[in-house]
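Let's take a walk through this structure together. Have a look at it before you read on.

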Amino acid sequence: MKKLSTILLLSMLVLLLSGCGKKNDPAKAPEANTPSATTPSASAPTEAPTKAPVSPVKMNIAVLKGPTAIGMVKLMSDAEAGSAANEYTFAVAGTADEITASIIKGDIPVAAVPCNLASTLYNKTNGGITVCAVNTLGVLYIVDTGDSVQSINDLKGKTIYATGAGTTPEYTLRYLLTSAGIDPDKDVTITFLSEASEVAARIAASDEEIIAMLPQPYVTTVQMNQDKVRVALDVTAEWDKCNASPIVTGVIVANTAWLKENTAAFKVFLEEYEASTAYATSNIDDTAALVEQFGIFKAAVAKKAIPQCNIVCYTGDRMKTAVSAYLKILYDAKPASIGGAMPADNFYFTE
């Protein structure tokens with residue numbers, strides 16, 4: 001009996017060892033579970049589609065001598081060095097009148113102009129001009145060579161020298177005077193000169209008190225040359241007391257027909273311009289040197305003025321919100337100031 005038990009025990013041990021030896025051999029796995037040489041593995045990474053490069057476009061761009069030019073100088077420098085994405089040719093104009101006809105015709109397809117002028121041109125050309133970015137907010141200041149002006153109300157009965165007849169500066173001033181109960185046509189004398197440099201010359205030549213409204217960097221220029229000049233009022237601060245929406249001084253516009261044909265290249269320009277404005281506000285010394293290099297202002301003037309120039313780059317819906325709110329204020333005050341009508345949605349480049 002003991003012998004039989006031993007035999008049974010040995011038989012069970014043999015069966016157990018035999019079962020353990022029958023493990024699956026990876027080399028003998030079923031063919032259906034083995035990826036073929038021509039079938040990609042499910043876990044293999046797939047290549048992202050390559051974005052088609054944008055072909056460079058020759059682009060004439062005009063800016064005005066002031067903050068709009070300051071925000072552009074880094075891109076101007078890149079274009080000169082051949083490192084910009086498109087082939088840019090820049091022109092710096094003293095007034096918007098010098099470039100308006102060329103903008104409409106498309107000879108200068110991209111330009112920096114006063115905000116209300118952009119709307120006026122849109123209405124005049126039945127949509128031939130598109131607004132694409134906000135480049136400057138409030139840059140205007142009331143200066144005087146005395147101390148008689150402490151508030152907007154103190155301007156009543158005075159003569160105010162200014163620039164920008166028919167554009168943003170004029171209508172901003174008129175709005176503030178009217179808001180203070182001052183009739184711009186009866187209670188003050190507004191004398192418009194063609195350029196801010198002429199206002200500065202008038203201040204320098206007069207021994208009597210002169211009151212003027214000037215943009216930066218011209219405010220800094222006259223203060224550096226004339227100790228008697230002081231900033232009496234910050235026009236932006238006075239505006240903010242009356243409105244929740246900001247002053248939109250300058251915008252980037254494009255000829256609509258040209259823009260439709262060159263949308264991709266223009267978007268690249270906007271990206272480069274935004275980078276240029278960011279550079280201007282964060283690298284003041286280098287930007288000031290470029291401002292002088294391009295014959296816009298002396299570096300010493302630009303260095304002091306840049307922090308007060310409100311250089312920005314608003315695009316898309318942010319641009320549309322700011323521009324439409326500002327134009328509505330001007331329209332309610334005087335429809336002719338923006339061309340007689342509020343622009344339609346196709347005025348705004350929000351792609």
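This is a predicted model: local features need pLDDT of at least 70, side-chain atom pairs count only at pLDDT 80 or more; totals for chains, interfaces and linings use all residues.

Residues are numbered from 1 along each chain as its sequence is written, and side-chain values use heavy atoms, with hydrogens and water left out.

Let's begin with the largest pocket, which holds about 590 Å³ of space. Its lining is made up of 29 residues, and the closest to the centre are Leu64, Gly94, Thr163, Gly164 and Pro169. On a 1 Å grid over the protein atoms alone, a pocket is an open set of points where a 1.4 Å probe fits, with protein on both sides within 12 Å along at least five of seven lines, and lining residues have an atom within 4 Å of a point. The volume is the space filled by probe spheres set on those points, which are joined across faces, edges and corners. Helix 2 (67-70), strand 3 (110-114) and helix 6 (168-179) each give at least two residues to this lining; helices (H or I, at least four residues) and strands (E, at least two) are DSSP runs, numbered from the N terminus.

Now for the charged pairs. The structure has nine salt bridges, each a side-chain nitrogen of Lys or Arg within 4 Å of a carboxyl oxygen of Asp or Glu. One of them joins arginine 174 to aspartate 185, with the closest N and O atoms 2.8 Å apart. That pair links distant parts of the chain: arginine 174 sits in helix 6, and aspartate 185, eleven residues apart from it, in the loop between helix 6 and strand 7 (189-192). Arginine 174 counts as buried because its relative accessibility is 18%, whereas aspartate 185 is exposed at 56%; buried means under 20% relative accessible area, exposed over 50%, and partly exposed in between (1.4 Å probe, protein chains only). Glu170 joins in too, as Glu170, Arg174 and Asp185 are linked in a network of salt bridges.

Last stop: threonine 236, in helix 9 (residues 235-242). Is threonine 236 buried or exposed? With 15% relative accessibility, it counts as buried. Leaving aside residues up to four places away in sequence, threonine 236 touches Gly138, Val139, Leu140, Ile247 and Asn310, where contact means heavy atoms within 4.5 Å.
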